[in-house]
Amino acid sequence: MLLEPESLFQANRRQCRKIKLKTIISNEKSVLAEKISNAVNFHGHLGPFLVIGVRMGVIGMRELKLRSNDGKLLVTAHLKYSIPISCVLDGLQVITRCTTGNQKLRLIDSSNIAAKFTLNNGKEVTVEVDFAVYNKLKSQLLSENNSPKEVEHLAHLIASMPEEDLFIIRRNF
């Protein structure tokens, strides 16, 4: 079956859109991979909670339209302060440059995992790990019997999950 010139043009345009979309997704994944690599260098190893922290930081910065932190950002992490959950903090620190030392990273003990990103102009974004997803993954994530290879596999799983499946994002601006 021969395509008419107009149909051929539309088919080529659809194909170009698919290629562009794949390139954009590929570029986003490579940027995320680089950020995770930086976090691993800081933290010491690759783990799922570190990746959660990195992804939360990336989302918070993106939603507030920040390229870098020039001191206007405060991050409040809501999580249980015990290993491995507290590894989220290192991911947040690497991405946002908010630390306990510069008093721009605060911790509130909580059973959920969330981070609130607040600008000094009052704009806020909260990024929370979806409780239902967390409950599904919890037994795997918190197992003390995971080998280092299994821990890395879980980190890759978290890194590749669609943002909308893993997180709930609330904007206050």
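How many disulfides does the count come to? By the rule used here (a pair of cysteine sulfur atoms within 2.5 Å), the count is zero. You're looking at a predicted model, where local features need pLDDT of at least 70, side-chain atom pairs count only at pLDDT 80 or more, and totals for chains, interfaces and linings use all residues. Residues are numbered from 1 along each chain as its sequence is written, and side-chain values use heavy atoms, with hydrogens and water left out.

**View 1. Strand β3 with its partner β1.** β3 covers residues 114-119, and five of its six residues are buried. Strands here are DSSP E runs of at least two residues, numbered from the N terminus; two of them pair if DSSP finds at least two bridges between them. Strand β1 (residues 73-79) runs antiparallel to β3, joined by six bridges. Look for Leu 73, whose bridge partner in β3 is Leu 119.

**View 2. The hairpin of β3 and β4.** On to the next pairing: β3 meets strand β4 (residues 124-129) in the antiparallel sense, over five bridges. Lys 116 has Thr 126 as its bridge partner in β4. Four residues lie between the two strands of this hairpin, and in the turn Gly 122 has a positive phi of about 100°.

Note on methods. Buried means under 20% relative accessible area, exposed over 50%, partly exposed in between (1.4 Å probe, protein chains only).
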